[in-house]
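I opened my notebook to go through this structure step by step. My entries follow.

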Amino acid sequence: MQQNRVLVLDKNRQPLMPCHPARARALLKAGKAAVLRRFPFTLILKEREGGDVQDTRLKIHPGSK
């Protein structure tokens, strides 16, 4: 099973809205982001500070592999 969203943090490590994997690849290729963690896959943006966010929930099944 593949993850369908990538977690994103600003340069101060504040959470932003998750993005689609294609957008994450574009940010990495353009040098605007770096990989912070591989699980859960998290990007940190190099230049952006703050931003509007919506409430989200992360559900993890404790019995999954």
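I looked up confidence by element. In the protein chain, it is lowest in strand β2 (residues 15-19), at a mean of 91. Helix α1 (residues 21-30) has the highest, at 96. The score is pLDDT, the predictor's confidence in each residue, from 0 to 100. Over the protein chain its mean is 87, and 92% of residues reach 70 or more.

I noted the ground rules. This is a predicted model: local features need pLDDT of at least 70, side-chain atom pairs count only at pLDDT 80 or more, and totals for chains, interfaces and linings use all residues. Residues are numbered from 1 along each chain as its sequence is written, and side-chain values use heavy atoms, with hydrogens and water left out.

Next, I checked the elements. The protein chain has 1 helix and 4 strands, in the order β-β-α-β-β from the N terminus. Helices (H or I, at least four residues) and strands (E, at least two) are DSSP runs, numbered from the N terminus.

Then I followed strand pairing, which needs at least two DSSP bridges between two strands. Strand β1 (residues 6-9) pairs with β4 in the parallel sense over 3 bridges. L7 stands opposite T42 in β4. Strand β3 (residues 33-38) runs antiparallel to β4, with 5 bridges. V35 has L43 in β4 as its bridge partner.

Why is strand β4 (residues 41-45) largely enclosed by the rest of the structure? I found that 4 of its 5 residues are buried. Buried means under 20% relative accessible area (1.4 Å probe, protein chains only). Of the 65 residues of the protein chain, 20% count as buried.

Methods
Buried means under 20% relative accessible area, exposed over 50%, partly exposed in between (1.4 Å probe, protein chains only).
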